[in-house]
2 protein chains.
Amino acid sequence: MTTDRPELIWLRPERSARGPVPAHSRAAIAAAAIALADAEGLAGVSMRKIAASLGAGTMSLYNYVPAKEQLFDLMLDAVAGEWKLPDGPSGDARADLLEFAKQGLAAMRRHAWVPALILTRPTIGPNSLRCTEFFLAVMAENDQPADAKMELFAMLNGSICMYAQWEANQRQAGGSEQWQRELVTYLAQAAATGDYPHLAATFASSIGQAPDLDPDAVFTRAIGRVVSIILA
Amino acid sequence: MTTDRPELIWLRPERSARGPVPAHSRAAIAAAAIALADAEGLAGVSMRKIAASLGAGTMSLYNYVPAKEQLFDLMLDAVAGEWKLPDGPSGDARADLLEFAKQGLAAMRRHAWVPALILTRPTIGPNSLRCTEFFLAVMAENDQPADAKMELFAMLNGSICMYAQWEANQRQAGGSEQWQRELVTYLAQAAATGDYPHLAATFASSIGQAPDLDPDAVFTRAIGRVVSIILA
DNA sequence: AGCATACTACGTACGCTGTACGCCCTGTCT
DNA sequence: AGACAGGGCGTACAGCGTACGTAGTATGCT
């Protein structure tokens with residue numbers, strides 16, 4: 001009978017009783033991977049590069065992580081550890097949730113690859129659980145069934161991710177001059193066909209109109225609405 | 001001086017004036033790629049497999065698409081073409097937006113890879129624009145600045161994606177028995193540490209409690225709230 | 001009519017990826 | 001002291017995206 005080591009990385013002890021002490025740690029590996037992802041994007045993260053940046057052999061990483069996917073779990077949980085949360089609810093649930101959202105946005109601004117990745121994986125590492133715990137603590141007074149609260153938590157997190165991703169897309173689009181030019185050309189051309197009258201009107205009216213100056217204000221407004229729903 | 005063919009695929013004509021008529025079409029290529037993604041997931045989509053399923057040489061695809069990324073644009077827009085939208089607003093904005101959301105959810109249930117992908121790419125193909133047009137038509141009476149409407153559109157779309165992705169994750173988690181067992185083991189263990197009292201309580205209270213029976217009801221409730229915000 | 005041009009089709013090849021396997025070494029338990 | 005579980009990692013393989021070059025073909029101009 002094989003031991004069948006669990007796929008879920010959080011179920012594996014970081015260090016086993018036997019054998020030599022590992023030369024690296026999960027935290028160090030996650031940090032190296034995060035640095036790579038920040039610099040080159042998710043696609044730039046490869047086992048070889050991580051190992052090289054740690055001064056390790058490529059295959060050594062597989063002693064720590066059963067496959068690359070699990071590495072993503074480590075990365076996401078390390079980022080979840082960056083949330084700076086108070087020890088407990090302040091009493092003002094609305095303010096607590098808004099602060100929670102701001103912490104999330106800040107973390108995702110530092111790590112633009114997070115929103116797309118987080119949606120595809122269940123985030124249940126220790127740091128992620130700490131975030132969930134904080135949310136549930138804030139919602140303790142709120143009289144709702146357990147699964148409804150979890151749903152609302154997913155909604156809040158999702159909204160934060162969406163906004164962060166949207167912001168990242170804007171930033172990227174603004175970055176490439178060629179892309180921006182092509183986009184305008186294309187939209188103008190689409191508007192000219194007459195197939196999209198409302199779109200054309202919207203497009204025309206937005207030209208020459210300064211975009212919202214303060215992204216934080218946009219975020220606070222949008223997330224404020226979500227928080228209102230959650231606390232309703 | 002080089003012609004500098006545009007990166008944006010929608011700016012390239014599907015067929016050029018000169019040369020032999022192409023043996024394939026964008027639609028056929030997108031369909032093949034979508035079938036692959038549906039069957040094997042996004043990671044299973046490769047240029048070689050698409051070409052093989054079309055009976056074409058691998059490199060022939062590059063006559064239609066400048067790079068794999070653009071292929072994703074084709075795929076997403078083809079899916080956007082599956083939305084069944086009425087020609088115009090019915091007069092009941094709330095009902096129209098709910099119907100729009102339901103169409104989106106239906107499409108994403110058929111194509112589970114869409115939500116994760118759509119967040120990372122600007123969706124501006126002809127079919128996507130048709131969706132935007134419909135939204136703006138519904139919102140025509142609503143007295144808001146143009147960019148605010150676009151923000152709300154992003155919010156609605158994002159919410160649909162989030163829900164679809166959440167559902168897909170649930171489905172996947174329910175699928176693997178081993179994974180489910182590992183998850184319960186881990187959560188029980190985490191709860192036992194005492195570090196997450198609220199989480200433990202929530203976890204305990206949700207055991208033995210039947211999950212919401214009708215996913216559509218959950219969706220309608222959640223998206224209904226979002227629509228309320230949009231029309232507020 | 002005939003040639004230049006611009007395009008399609010695609011075989012080959014390169015550099016990169018994740019990771020299975022096997023070897024040797026190290027620390028702990030019996 | 002010996003067995004053994006695990007860490008470290010070099011090699012190797014299948015598969016990836018795609019650059020490049022060659023051959024064939026439909027169009028536009030002269």
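Reader: At what angle do helix α6 (residues 126-138) of chain A and helix α9 (residues 197-206) of chain B pack, and how far apart are their axes?

Author: The angle between α6 of chain A and α9 of chain B is about 80 degrees, and their axes lie 7 Å apart (axes are lines fitted to C-alpha atoms, for helices over the stretch in contact, with angles from 0 to 180 degrees between N-to-C directions; helices are DSSP runs of H or I with at least four residues, numbered from the N terminus). α6(A) is therefore roughly perpendicular to α9(B), a term for angles of 65 to 115 degrees. This is a predicted model, in which local features need pLDDT of at least 70 and side-chain atom pairs count only at pLDDT 80 or more, while totals for chains, interfaces and linings use all residues. Residues are numbered from 1 along each chain as its sequence is written, and chains are lettered from A and ligands numbered from 1 in the order in which they are written.

Reader: Which residues make the contact between α6(A) and α9(B)?

Author: Residues are in contact if their C-beta atoms, placed from the backbone, lie within 7 Å. Here α6(A) contributes A:Leu129, A:Thr132, A:Glu133, A:Leu136 and A:Ala137, and α9(B) contributes B:His198, B:Leu199 and B:Thr202. Four of these residues are nonpolar, three polar and one charged (Ala, Val, Leu, Ile, Met, Phe, Trp, Tyr, Cys and Pro count as nonpolar, Asp, Glu, Lys and Arg as charged, the others, Gly among them, as polar).

Reader: How many residues does each chain give to the contact between chain A and chain B?

Author: Chain A gives 45 residues and chain B gives 45 residues. On the side of chain B that touches chain A, α7(B) gives the most, with eleven residues. That side divides into 28 nonpolar, ten polar and seven charged residues.

Reader: Which residues are closest to DNA strand D?

Author: A residue is near a strand if its C-beta atom, placed from the backbone, lies within 6 Å of it. Of the 25 residues that surround DNA strand D, the closest are A:Gly19, A:Ala23, A:Gly57, A:Met59 and B:Ser46. Helix α2 (residues 47-54) of chain B gives the most to this surface, with three residues. The surface near DNA strand D comprises eleven nonpolar, nine polar and five charged residues.

Reader: Is A:Lys102 buried, exposed or partly exposed, and why?

Author: A:Lys102 is found in helix α4 (residues 93-110) of chain A. A:Lys102 counts as partly exposed because 17 C-beta neighbours lie inside 10 Å (20 or more other C-beta atoms within 10 Å make a residue buried, 12 or fewer exposed, and in between partly exposed). The C-alpha atoms of A:Lys102 and A:Phe219 are 8.6 Å apart, although 117 residues separate them along the chain.

Definitions and conventions
Helix = DSSP H or I, 4+ residues; strand = E, 2+ residues; numbered from the N terminus. Parallel < 35°, antiparallel > 145°, perpendicular 65-115°, else oblique. Contact = placed C-beta atoms within 7 Å.
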